[in-house]
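Trainee: Please take one part of this model and go through it closely, starting from how its copies are placed and ending with single residues.

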Protein chains: 4
Amino acid sequence: MSSSFGQWLKLSIFGQSHGPAVGVTLDGFPAGMAIDTEALALELARRAPGQNAMTTARKESDTPEFLSGVFNGRTTGQPLCAVIRSEHQRSGDYGDSVDLVRPGHADYTGHVRYFGFEDFRGGGSFSGRLTAPIVLAGALCAQWLRAQGVTIVSHALSVADVRDEVLPEACPDGETLRRLKAMPLPALRPEAADRMSEAILAAKAEGDSVGGTVELAAWGLPAGLGAPFFDSAESVLSHLFFSIPGVKAVAFGDGFGFAALRGSEANDPFRMEPETGRVVTATNHSGGINGGITNGMPLRATLAIRPTPSIAKPQQTVSLQRMENAELAIRGRHDPCILPRVCPVAEAMCAIGLMELWKERAACVK
Amino acid sequence: MSSSFGQWLKLSIFGQSHGPAVGVTLDGFPAGMAIDTEALALELARRAPGQNAMTTARKESDTPEFLSGVFNGRTTGQPLCAVIRSEHQRSGDYGDSVDLVRPGHADYTGHVRYFGFEDFRGGGSFSGRLTAPIVLAGALCAQWLRAQGVTIVSHALSVADVRDEVLPEACPDGETLRRLKAMPLPALRPEAADRMSEAILAAKAEGDSVGGTVELAAWGLPAGLGAPFFDSAESVLSHLFFSIPGVKAVAFGDGFGFAALRGSEANDPFRMEPETGRVVTATNHSGGINGGITNGMPLRATLAIRPTPSIAKPQQTVSLQRMENAELAIRGRHDPCILPRVCPVAEAMCAIGLMELWKERAACVK
Amino acid sequence: MSSSFGQWLKLSIFGQSHGPAVGVTLDGFPAGMAIDTEALALELARRAPGQNAMTTARKESDTPEFLSGVFNGRTTGQPLCAVIRSEHQRSGDYGDSVDLVRPGHADYTGHVRYFGFEDFRGGGSFSGRLTAPIVLAGALCAQWLRAQGVTIVSHALSVADVRDEVLPEACPDGETLRRLKAMPLPALRPEAADRMSEAILAAKAEGDSVGGTVELAAWGLPAGLGAPFFDSAESVLSHLFFSIPGVKAVAFGDGFGFAALRGSEANDPFRMEPETGRVVTATNHSGGINGGITNGMPLRATLAIRPTPSIAKPQQTVSLQRMENAELAIRGRHDPCILPRVCPVAEAMCAIGLMELWKERAACVK
Amino acid sequence: MSSSFGQWLKLSIFGQSHGPAVGVTLDGFPAGMAIDTEALALELARRAPGQNAMTTARKESDTPEFLSGVFNGRTTGQPLCAVIRSEHQRSGDYGDSVDLVRPGHADYTGHVRYFGFEDFRGGGSFSGRLTAPIVLAGALCAQWLRAQGVTIVSHALSVADVRDEVLPEACPDGETLRRLKAMPLPALRPEAADRMSEAILAAKAEGDSVGGTVELAAWGLPAGLGAPFFDSAESVLSHLFFSIPGVKAVAFGDGFGFAALRGSEANDPFRMEPETGRVVTATNHSGGINGGITNGMPLRATLAIRPTPSIAKPQQTVSLQRMENAELAIRGRHDPCILPRVCPVAEAMCAIGLMELWKERAACVK
């Protein structure tokens, strides 16, 4: 298996890098939501390659076709399926089976996993192309959550050795949100974005790639989403974040910073918010989650992104055909840093996870 | 919901801190395994409180009773249920509903989540006591995996500002494994363990607590466990790790270290292992997982553990009964550091996750 | 696997005929319901053996112990586990492995399925004893549904060649409901019950057994439970009904009678109910379900129950130890007809299924 | 929800009657199977309308496009998605919301279920058109099962008052199988098929419709598929059979006939089969299933099919727009009997269910 997620909102993605289309089925999405196609297109464009020098030159229009679940411009509550056709398939020069396996990629493990029958061309089912239907599904969830007052934001917290500032405590204003979504490399400080781009292009010039970290937050969540142990908000969200190709670490709130804190520093004191009569916390080390359940404060997470495995520099590997050591030089154009494109995917995953928790909560009738 | 996990191996835990018993149901566990009750008791003892000055003084014998799924000392392949009676229940001095919610705990979020009907005594369903049935289930999985050649090891990589060395590349020998399991605070370097204990006792003396990091590895895994996207090995394992109370970050392989690496440094080159003819990698930055699937190299993960929220120092909070600010002083004995007891739980979660992946793989008939 | 059901309300049963206890875990049961322990005891008593000449002489007190999920007499919304101890275990005279497999039983198929490691004593995990935790879980669901205005009723529609009248269109009054629950063999016409008992005792006298049919209905359901295709009300309920040992056919509404009807006869015309302004149907051939979704009319189902396989008469079978033909005479006391005890189990399964559909529906936020 | 099935083999269908396409995603299908496209086309043609006077005149070519999961003509083991375009969409004359709800259809219940946002045109998500992707998925499963020696056959056991003979004990020969698959109304006795057609056309002439029963069997199954209680073969298969629009009863083996049998008649005696040394049963009342698990004998099931609800005769109903009684005359061409088209769907559902049980069994490693 590989491509199904969720118990309350069921999501199933399909497609391969070089197949005719990628797509997603959503079973359990709420009925009656008017789809904002413009906002949807924006999210797909953020993820699409070919935007600038930092991303691959392949151009994909990524226009979704809704095969089901939408009627008169609104969701019907029934299974929603949307597909995105792949226009620039190049199938020419691949053999029947993978030979030189790319280090850091799934070529070898996919070969073992699928008994040699996998569509290995361009990464096949492991390809970043599969994140397009995820962004599509996540954008729909984000639109629904937006109507409930929830805002999800992400940015590049670091790229190589360049660091942006952390997200503020209060939800950024609409202007900032629009600016972040419009930036090829979203950063709070424009000069950080510039220096990140330089670091990426420097690596590219050397036939190499760089990694970084993505910071993500959600404002406007109600207290009470999630459950102790296996349905904890952290469990559900990390499950989704680690499904993003290239993510190798996930932290909530202070994350690894907790290791050096004392309890008296790490605990977020509860307070009554005088204006609203709501229970809030004075600090937010825990990232909005206590005991696996949202506490109404901003949810905060950080993801570590590995450098793109596809690099121009020659690498040591093995030939699966001849079962011997070999050298590999990956040709073609590849993102020297996938972080700009991970941001919309991370937001999508967050929206999918929050929707799942929201539905689970709604099912808990009294 | 809160307490079910798994699609192939279904696990369901139950119980509350102050209820008559905690337990676990395992549906789908392999038939025919002779249970090593001594090894099982050892794991439960490692998790149990009251071992030494660093853990709470409550004594729990934690002897499991198998209600089903075991016949003639072997697993039957049918649903296995085991319960652990709670001997030292103290129900005396609790009211009908929670009042002063403990910062860092689930008192407030649980109250919202369960509409005020939750058994809040001692943490109720959120209690660390629920990790006893998890260790029980995980120990059975670990025994089965052991028979397939898999060894899972964890240790305290850091406590407060004291750091142990990282796990070696090769699986530690039997002597080292036994020693780690016997240590109240498992560390590779004995002097690190001593200094960690000192740090814990120093915090305790001040009515405070400390956090740390746990490093975990598994040797002997076959290549091919896991799948791209939602069943990635990282997704399944992080889902379980984040279900452990107190875990706030999970990293695989180099984790956040990837952010500063270049692709040429981060990629693990493939090589033929001359002696065995197996495909291996020359380095293991990826922690044994490529594209969400194990590659046959040691699996490596690191978890950040927050300092125990229960501290003697007075804290600011709110009274849910009066809906106003209040001060709270937590009485009673609590672990000044839960890390010693997290180690067996993390190993258990790892074993449960690997078993789930193993069964998923086995279901993939050709 | 064998013992887990449900996506929204997760149920997991465990235990074997001759094990120390049977029990059930319910994950997702609503919070805040005060448990009516008397009504619960009544349902367990209805299912228990040893009630009269028609059922086996084994006496089981079947008093449940709640290990979790109940606090101050109310459900907490957290995992609920209840166990029923088995007091009359007789483990004496069984070997290590099954030999003469009983025709009509799961002895042979269970042996193949569990590789010979199954606890075969008294039917093991296949035993009707496992219906005790199902009745327990179902009774809790029925209490919750009762508070929403739903009433579930069943009776013996036929035993051998004796037939009771069918359930009326309107929900029976409280007096009738109490009477049916109190009857050892629930029938609408007392003389039918008498003649059914005679038929059962006649078969018993000859060392034989008889089958029959159970009719079941639920009043007070809202329109809108279920979904087309795989979550159809019929799919979910039949899944549960066929999990009852001995059920070999399930029909909704006119069932097999539809085969001989014309569309103009089978269609239930919609009408406005003048008093209430509700949409109703003039007839109810479809048993309250259109397109897999309840339409607000009474839900109606009929189950065929096979005659008890355990009979005193000698039977032909094989010896698995010697792999040769053999003759078997089953000793001990067995129900000559399981139908009296199937009624409470069928009602329980119906309640569990309706609760699952109810929660699914509740999760469908707009 | 509505359209997802399976734990081991996950299936998700999508589409509406008047949408651009219907399709299916299969997650967990075995890798390496060469797809027999001709056999696949035959199954889709059997289900397609417009074949003859007994089915609707709408012509659908039903050619599937594989969007993923197939490479070099073989399944890859990764998510397989196939879509079937709808060529003859007529969207013209529908309003924004359903008004006169058709008796026997899901128009009313779907309206309640989906809050009025459903795509109601032509039955929307409830349409028989959705059985096309089910047949597609089932045909792939059947091909895989065929390679393991399993043959699934169905026929019209009865239509209106005309009855065919029951399936023989031994698997029909290839010639008979081909003939049944080629018949518009598959029956063992050709004269039965003729008289069934007459009955259907007679009803059609009167603006009415007829129902019937489908008998289905599977030969070549191993013993050991299924599990007690919730994963019983009957539970899994009936779940799928009741997902077929129009099915109102499902029986295994003797089904309702068991009600009148005595245990000594109903039990199938076990015997050693001298030629093979296998354990078999002398009779097969139980339809190849004991205790929810296949016993290696032919699996036998019977389904009751209601008469097509869409009839030309005027019917009483209500107007949802005006909330008052109304009369409805359904125009357009509709099958006067859906039974001919149910046969391939029932076989598909059987294949999907058996594959699910097969994978569950395969996951039960020792």
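Mentor: The model is predicted, so local features need pLDDT of at least 70 and side-chain atom pairs count only at pLDDT 80 or more, while totals for chains, interfaces and linings use all residues. Residues are numbered from 1 along each chain as its sequence is written, and chains are lettered from A and ligands numbered from 1 in the order in which they are written.

Contact means that the C-beta atoms of two residues, placed from the backbone, lie within 7 Å. Of the interface residues of chain D, 92% are also interface residues in chain B, so these copies meet through the same surface.

Helices (H or I, at least four residues) and strands (E, at least two) are DSSP runs, numbered from the N terminus. Helix H8 of chain D covers residues 339-363 and contains D:Arg361. A residue is buried if 20 or more other C-beta atoms lie within 10 Å of its own, exposed if 12 or fewer, and partly exposed in between, with C-beta atoms placed from the backbone. D:Arg361 has 20 such atoms within 10 Å and is therefore buried. Apart from neighbours within four places in sequence, D:Arg361 is in contact with D:Gly224 and D:Leu225. D:Asp268 is 93 residues from D:Arg361 in sequence, and their C-alpha atoms are 24 Å apart.

Now the sheet. Strands pair if DSSP finds at least two bridges between them. Chain D has an open sheet of five strands in the order S1-S2-S3-S8-S5, with antiparallel pairing. The edges are S1 (4-5) and S5 (64-68) of chain D; each has a single partner strand, so one side of each is left without a neighbour in the sheet. Strands S2 (residues 10-14) and S3 (residues 21-27) of chain D run antiparallel and are joined by five bridges, and D:Lys10 stands opposite D:Asp27 in S3(D). Helix H3 (residues 131-147) of chain D packs on this sheet and touches S2, S3, S5 and S8 (80-85). The direction of H3 makes about 35° with that of S3(D), where axes are lines fitted to C-alpha atoms, for helices over the stretch in contact, and angles run from 0 to 180 degrees between N-to-C directions.

The loop between helix H2 (107-113) and H3 of chain D holds D:Phe115. Its phi is near 60°, a positive value in a residue other than glycine. D:Phe115 counts as partly exposed because 15 C-beta neighbours lie inside 10 Å.

For context, consider the pair formed by chains A and B. Here 92 residues of chain B are in contact with 92 residues of chain A. The side of chain B that touches chain A has 43 nonpolar, 34 polar and 15 charged residues; Ala, Val, Leu, Ile, Met, Phe, Trp, Tyr, Cys and Pro count as nonpolar, Asp, Glu, Lys and Arg as charged, and the others, Gly among them, as polar. Three bridges join the antiparallel strands S12 (residues 247-252) of chain A and S12 (residues 247-252) of chain B, with A:Ala251 opposite B:Ala249.
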